[in-house]
Amino acid sequence: MKEIVPSPPPLVHNQYESVRQLFSKNVIPSYGRFDLVLSHGAGSYVFDVAGKRYLDLGGGIAVCCLGHAHPAITDALVEQSRKLIHVSNLYFTEPQGRLAAELVRRIGAGKCFFANSGAEANEGLFKLARKFGHDEGRFEILTATNSFHGRTMAGIAATGQDKVKKGFEPMTPGFRHVPFNDLAAARNAISPATVAILIEGVQGEGGVTPATAEYLLGLRALCDEKKLLLLMDEVQCGYFRSGKFLSFHRILEGTPPDSGLRTLGSDFLPDGVSMAKSLGGGFPIGAFWVRAPYADLLGPGTHATTFGGTPLACAVALKILEVIGRERLDENARKLGDWMKSELERLAASYPQVVRRARGFGFMLGLELVEREKIAAFAASDKTAAVQFVNRLHQAGVLTIPAGTQIVRLLPPLNLKPQEAGEGISKIEEVVRSLV
Ligand SMILES: Cc1ncc(COP(=O)(O)O)c(C=O)c1O
């Protein structure tokens, strides 16, 4: 493989210890990293510096939607970088306009803004809400307990988990948390200052918990009644992972017309949607979409970012959409993901001493373990059951992502093959069986 950065002297080249030392001396230790040093990937597999191969069912936390080193992404990067990488948002560029049109076509009448990450996309939604309520003195956004919305100052204030806030108080004002999937709690929490409600379609970091159809439809009706914006964070759960473009498309499909709720599933639209992660397949890009009536609220001079929507990022994102559409990877995520879920359910039924239940749908799945103290092999360590299970899977050659203390997430590439899904399940079963 061609070296992009000049190699260090051969003795230390690519050695696990030397990379670890570079990190311990030079990289701020804000992440709890696993003991793996990864060097390259191909398709659904990544390799560590010792050459060991791992099936990547974590997808870089729901990012690598076409797996690793996909030739279409490489070609888009190379071709576009030969033409134009960046010019700033002082000018118009075709890739940004085309990508916005593709997103609008898939979500609904409205407009998009491009950023660089999920947290930044959410920041845009917070500013949209503030602008919406500004002249009436309304500013407060309700978010859900156990939610996750990013690590910026407003992101941690919006996130419904104390662990991300600890040590960074005082929090940015204007956020309050309400229990997820509890419509009455949302209604009761609305104050004269409330301007918006923000939720994830499927809580990801919080442990793979989908919103119910009734909750989404009820929130829409509540927001209409109280003149609030309904905002959805689709950063992790969106982008075809559910089998549909956005998670609410899947949650609401087949909502019965006689469900007694005013807004039917097929007509449902939030007022704002944030996206990132799989949008760039690993190349950083975030975006938010705003529904038509509010799409011009953020007028000239109100919001900006130097790197947002570069021709390079947008060309990659456009190519990804083309590949997903051509290869029907949405259907793959749905069919194969739902098969994997049924296999995880089988594990829960066969090994209740270790697995409590399977969670999620499509390619956003969670394996919920029983409490650490109930798994003899885990009881001695103070690491969570989820982290210990993920470590055992590393030994077995599979990457997954822990969530909370007991949930192991599977967020594989959308182009995962059936045989790879089968390999993943049998390795997970091996690990489960070793814990019985
Ligand atoms: C639902 C959700 N929102 C926002 C974010 C933040 O995205 P980023 O890490 O790109 O800032 C994440 C990241 O995991 C997420 O899962």
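Why is strand β12 (residues 286-291) largely enclosed by the rest of the structure? Five of the six residues of β12 are buried, so the strand is largely enclosed. Keep in mind that this is a predicted model. With that said, let us walk through it, starting with the strands.

**Strand β12 and its partners**

β12 pairs with strand β4 (residues 110-115) in the antiparallel sense, over six bridges. Strand β11 (residues 272-275) also pairs with β12 in the antiparallel sense, here over four bridges.

Now move along to strand β14 (residues 364-369), where six of the six residues are buried. In a regular strand the side chains alternate between the two faces of the sheet. For β14, M364, G366 and E368 point one way, while L365, L367 and L369 point the other way. Residues on both sides of β14 are buried, the charged E368 among them.

β14 runs antiparallel to strand β13 (residues 355-361), and six bridges join the two. Within that pairing, F361 has M364 of β14 as its bridge partner. β13 and β14 make a hairpin with two residues between them, and G362 in the turn has a positive phi of about 55°. Strand β17 (residues 407-410) also runs antiparallel to β14, joined by four bridges. In that case G366 finds its bridge partner in R409 of β17.

| Strand pair | Sense | Bridges |
|---|---|---|
| β4 and β12 | antiparallel | six |
| β11 and β12 | antiparallel | four |
| β13 and β14 | antiparallel | six |
| β14 and β17 | antiparallel | four |

How is the protein chain divided? There is a domain 1 (16-57 + 329-434) and a domain 2 (72-326). Their C-alpha centres lie 27 Å apart. The contact draws on 18 residues from domain 1 and 16 residues from domain 2. On the side of domain 1 that touches domain 2, the elements giving two or more residues are α12 (329-350), β13, β14 and β17. Of these, α12 supplies the largest share, with five residues. By class, that side of domain 1 holds nine nonpolar, five polar and four charged residues.

**Helix α9**

Helix α9 (residues 213-226) has 14 residues and reaches 20 Å from its first C-alpha to its last, close to the 20 Å expected at 1.5 Å a residue. An α-helix has 3.6 residues a turn, so residues three or four places apart point the same way. The buried residues of α9 are A213, L216, L217, G218, L219, R220 and C223. What covers them includes α8 (183-189), β7 (194-200), β10 (229-233) and α10 (247-251). Just after α9, K227 takes a positive phi of about 55°.

**Around the ligand**

Which residues come nearest to the ligand? Of the 15 residues around the ligand, the nearest are S117, G118, A119, V235 and Q236. Helix α5 (residues 118-133) gives the most to this shell, with three residues. By class, the shell has five nonpolar, seven polar and three charged residues.

Key:
Residues numbered from 1 in each chain as written. Predicted model: local features only at pLDDT ≥ 70, side-chain atom pairs only at ≥ 80, totals over all residues. Near = placed C-beta within 6 Å. Buried ≥ 20, exposed ≤ 12 C-beta atoms within 10 Å, placed from the backbone. Pairing = 2+ DSSP bridges. Domains from an automatic or database assignment. Contact = placed C-beta atoms within 7 Å. Expected span 1.5 Å × (residues − 1).
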